[in-house]
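Please read this briefing alongside the sequence and the model, which are shown just below.

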Amino acid sequence: MLTPDFTRIRIHDGSQDNGFEELVCQLAHLYPPAGYDTFIRKEGAGGDAGVECYWVLKDGSEYGWQAKYFTGALTDSQWGQVNESVITALKKHPRLTR
């Protein structure tokens, strides 16, 4: 089995961060959850409401994905970014269950 080297992620829209986000969203789209209805891809720094993409299920609940491209041990600042994204996602997506 191949072990991916995420430090070599392909640049997309000018950055590796965007390349990683794109990879995460493509994978999320390829594997819909049971009971899925609609896949939504959000784009824009700071304008993604805490998720890069999400599935809306037939019951109205949502499964969301957030991508942060960090290649080393996480710093306190990076953990803060992760925390802020989770808080934003829960605030902006009240039907988020996963």
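Contact here means heavy atoms within 4.5 Å. The model is predicted, so local features need pLDDT of at least 70 and side-chain atom pairs count only at pLDDT 80 or more, while totals for chains, interfaces and linings use all residues. Residues are numbered from 1 along each chain as its sequence is written, and side-chain values use heavy atoms, with hydrogens and water left out.

**Arg 8**
- Leaving aside neighbours within four places in sequence, Arg 8 is in contact with Gln 16 and Tyr 69.
- Arg 8 is found in the segment before helix 1 (16–30), where helices (H or I, at least four residues) and strands (E, at least two) are DSSP runs numbered from the N terminus.
- With a relative accessible area of 68%, Arg 8 is exposed, on a scale where buried means under 20%, exposed over 50% and partly exposed in between (1.4 Å probe, protein chains only).
- Arg 8 and Thr 71 are 63 residues apart in sequence, and their C-alpha atoms are 9.9 Å apart in space.

**Aromatic pairs**
- Four aromatic pairs are found in a search of the whole structure; rings of Phe, Tyr and Trp (its six-membered ring) pair if their centres lie within 6.5 Å, and planes under 30 degrees apart count as stacked, over 60 as edge-to-face and the rest as tilted.
- Tyr 36 and Trp 55 form an edge-to-face pair, at 5.1 Å centre to centre and with 70° between the planes.
- This pair links distant parts of the chain, with Tyr 36 in strand 1 (residues 36–41) and Trp 55 in strand 2 (residues 53–57), 19 residues apart.
- Tyr 36 is partly exposed, with a relative accessible area of 41%, whereas Trp 55 counts as buried at 5% relative accessibility.
- Phe 6, Phe 20 and Tyr 69 are linked into a cluster by ring pairs.

**Ser 61**
- Ser 61 has its place in the loop between strand 2 and strand 3 (62–65), and counts as buried at 9% relative accessibility.
- The side chain of Ser 61 makes a polar contact with the side chain of Asp 59 (2.6 Å); such a contact is a pair of N or O atoms within 3.5 Å, and within protein one must be able to donate a hydrogen and the other to accept it, while residues adjacent in sequence count only if both atoms are side-chain atoms.
- Not counting residues up to four places away in sequence, Ser 61 touches Trp 55, Val 56, Arg 95 and Thr 97.
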